[in-house]
Structures are given as C-alpha cells and as structure tokens.
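Please look over the model below before reading my notes.

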Amino acid sequence: MILGVLGGGQLGRMLALAGYPLGMRFRFFDPADEVCVDDIAPRVRAAYEDVDALAQFADGVDVVTYEFENVPVDAVRALEARGARLLPPLVALDVSQDRLTEKQFLNGLGIATAPFAAVDSAEGLRSAVATLGLPAILKTRRMGYDGKGQAVLRSDADAEAAIAAFDGTPSILEGVVPFARELSVIAVRGLDGAVVCYPLVQNWHHDGILRVSRTPSPVVNALMQADAEYAARRVLEALDYVGVLTIEWFEHEGRLVANEIAPRVHNSGHWTIEGAATSQFENHLRAVTGLPLGLPQALGVWAMVNLVGTPPPLETLASLSGAHVHMYGKAPRTSRKVGHVTLCAVDEGYLDARLAELLHVVGIETGNTARA
Ligand code: AMP
C-alpha cells in the first residue's frame, strides 16, 4: 500500500511514522527546498501547478491524502483527472479554506459560531463594525493560520485605521468571543461511515499559536463531550468525510462555539501518539485506506507543549520525567514550531507538577495551564 501525501511538514512526517508499523509506504509532494519528511520518505519537489510532477507523484499511489488545508484545489482536480483518489474529499478543502463558507456551513448545520460579516471594501468594513461592535477581529477569508492574516480591532481608532488601510482582500469581521477556555475535538470517519472521537482537549494559544494542550480536558463534563461529538458527526456526515477532522471550539457561558474546522490531523492531537489507544495519525491512515478504526480512548492524563522558535537543549528535555520528545528536523526560526514534548502522568496533580517544570524549561511563564 503506497500513500501519496500532499505537504511534507511535521504532520506528514508523523503520518509516515505512524504508517510504517502497518507496512505502509509513503510518497510526498511539496514545493519547498527542505521539508520535515526528507529524511524518512521520498518526495516530489515541484510547484502545485506542475501537472507532470503531479502525475509522477500519483503514479502507482493507492490513495492521496494531505497534511495541510491550503492545498491548491486545482492541483487536486489535476490529480483526480488522472484517476487518483483523494481522501478526505475535495469538498472538505473547499469548505474549510474560506472562513466565510466555513462559518456559513457550520451555521447551516445548526452549529454556533462567533457572529461574523463578510467584508470586501472599506465601506463594508465600516458597516460590519457598526453591526458587530468592538472588539472584533478582521481576518482574511483565505490563507490564514496560526493567527496570520488577522487584526484585532479594540478601539474606534483601531477600526478607523483598519478602514483606511483596507486593501480589498476578501475578509470577514468576527465578534470577539470572551471565551472561558479553548477546546478541540478530533474525530475520525472511516470509509464505512464509522465514527470515533477523541476526548476534548483544552488548548492555550499565545500570539495565535498553540502552545499547550491538555487531555482529558479538566472540568469537561460528559454533556460537553457529547455536544462536541454530535457536532463533529454532523460535520463529517455532511461532507461524506473520510479521515481525521478537527473542530476548534471556544467555551463561552458553558456552551461550545465553533471557531474553525481543520480537515486533517491536528497539533492538539499530538498527545495521542503516546497517550491514546490509537493515535490520530494511525486512525487517519486506517480511515483513508479502508481499515477498521482504532479505539480513541486516552490512557492516563496528558499534556503537550509545543517547542516554538529556539528549543531548549535535547538533553534538558530528555531529562524530564515522563517526557516524550519529538523534534521535527526544522531549523529554529521565530514563531516556528520545531518540535513538541508530550508528558504522561497517572493523575492530574502529578501532571500539574511535571507541566510546571516543562513550561519553565521551555520559557513559557504565563497562562494558567493548571486544572481549574
Ligand atoms: P484562528 O486562526 O481563527 O484559529 O485564530 C487563532 C486564535 O485567535 C484562536 O485560537 C483564539 O485564541 C483567537 N481568536 C480567533 N478568533 C477569535 C474570536 N472570534 N474571539 C476570540 N478569540 C479569537
């Protein structure tokens, strides 16, 4: 079984590492000079517009999947025209690549989101600010991730400056949700329609970048887990989805408000490599190759901390009790995720202590990542 993967970043690398024990083989496609998969799998290095390179990539591959949601849709169409099978399906990319269609899709399924308005002009931004009020967040409709392409408008002066500077990029204005916590649910749907969901994860961001995840999320009750799973099921079924899909949530006044969908394996699910009966990566591969899905249960309590920028020495990380260290083979750069550390513990108290130590080593001093 040979899997073709569009994108050769760390998510692709972890997919391959999960697939090798199952006897799977991988071929990647990525235009960048150096990518995380280069030392573990063959890669076609070419532009997504290069139809011949796409054909070479797809030749002999059983199924094509992807590890980032901004895959150019035309490249997928070119692959499908050559008879390649893409899973998750193209419609999932179509919906999730555009923040406007994504929110309309979620609302259409009865899933709450932040209030929003489409913005295409300076005048449109002025009336969106008048309708939604401040604070609000102006986001480009496309190509935004890790907080990129976003501006928070807190004051009238911010709004006036954004209106004056607006360059016509199709955008949306979102009301700020004064959330109590951020959570995510990772769900998987198999080729036969079977669905499994991982326990809700609690996430802490800094400057729009995920820094820490914990699971089982402290103080999540069974009803909230059930709500998240019910919503995930509706999304998966509406898209006739196959593979792993993540929904990011805000918890506000005891209810879940959807932030966004990621039609792929997700950073908040890295703990599943060591922490769940079956990892999100293995379950994605099982789904897209038609295998039965594995159990999603958490084994113990877990925290995951991203290594962003220049990481501490490997020796220091490896000396932490219960730490599983993952380095992605990337050169350190500001705001770049270069690895992560997953901590395992038998109970919450022990996890709190280990996590405090890890956060100190990594240099994250702020943010209440404890249980309450
Ligand atoms: P995004 O790229 O849309 O996932 O946004 C990155 C992060 O910005 C989120 O994880 C939140 O911490 C914050 N954020 C984005 N949109 C909102 C919103 N409407 N209300 C409050 N916080 C937000």
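1. Which residues does Leu6 touch, not counting residues up to four places away in sequence? Leu6 is in contact (heavy atoms within 4.5 Å) with Phe29, Tyr48, Phe57, Val64, Thr65, Tyr66, Glu67, Phe68, Val71, Val76, Leu79 and Leu86.

2. A word on the basis. This is a predicted model, where local features need pLDDT of at least 70, side-chain atom pairs count only at pLDDT 80 or more, and totals for chains, interfaces and linings use all residues. Residues are numbered from 1 along each chain as its sequence is written, and side-chain values use heavy atoms, with hydrogens and water left out.

3. The largest nonpolar core holds 48 residues. Such a core is a set of buried Ala, Val, Leu, Ile, Met, Phe, Trp, Tyr and Cys residues joined through side-chain atoms within 4.5 Å. Buried means under 20% relative accessible area, exposed over 50%, partly exposed in between (1.4 Å probe, protein chains only). Leu6, Phe29, Val235 and Trp249 touch the most other members. Helix α8 (residues 222–238) gives the most, with six residues. Helices (H or I, at least four residues) and strands (E, at least two) are DSSP runs, numbered from the N terminus. Domain 1 (2–86) and domain 3 (181–362) each supply at least three residues to this core; the bounds come from an automatic or database domain assignment. Another core, of 33 residues, lies apart from it, and includes Leu11, Met24, Phe28 and Val63.

4. Four strands make an open antiparallel sheet, in the order β5-β8-β6-β7. Strands pair if DSSP finds at least two bridges between them. β5 (116–119) and β7 (150–153) are the edges; each has a single partner strand, so one side of each lacks a neighbour in the sheet. Neighbouring strands are turned by 20° against each other on average, direction ignored. Four bridges join β6 (residues 136–140) to β7, and Ile137 stands opposite Val152 in β7.

5. Helix α5 (residues 99–108) lies across β5, β6, β7 and β8 (171–175), at about 145° to β5. Axes are lines fitted to C-alpha atoms, for helices over the stretch in contact, and angles run from 0 to 180 degrees between N-to-C directions.

6. How many disulfides (cysteine sulfur atoms within 2.5 Å) are there? The count is zero. Cys36 is buried at 5% relative accessible area; Cys344 is partly exposed at 28%.

7. Ile186 sits in strand β9 (residues 181–189). Ile186 is buried, at 2% relative accessibility. Its contacts beyond four places in sequence include Val196, Tyr198, Leu245, His266 and Gln280.

Note on methods. A disulfide is a pair of cysteine sulfur atoms within 2.5 Å.
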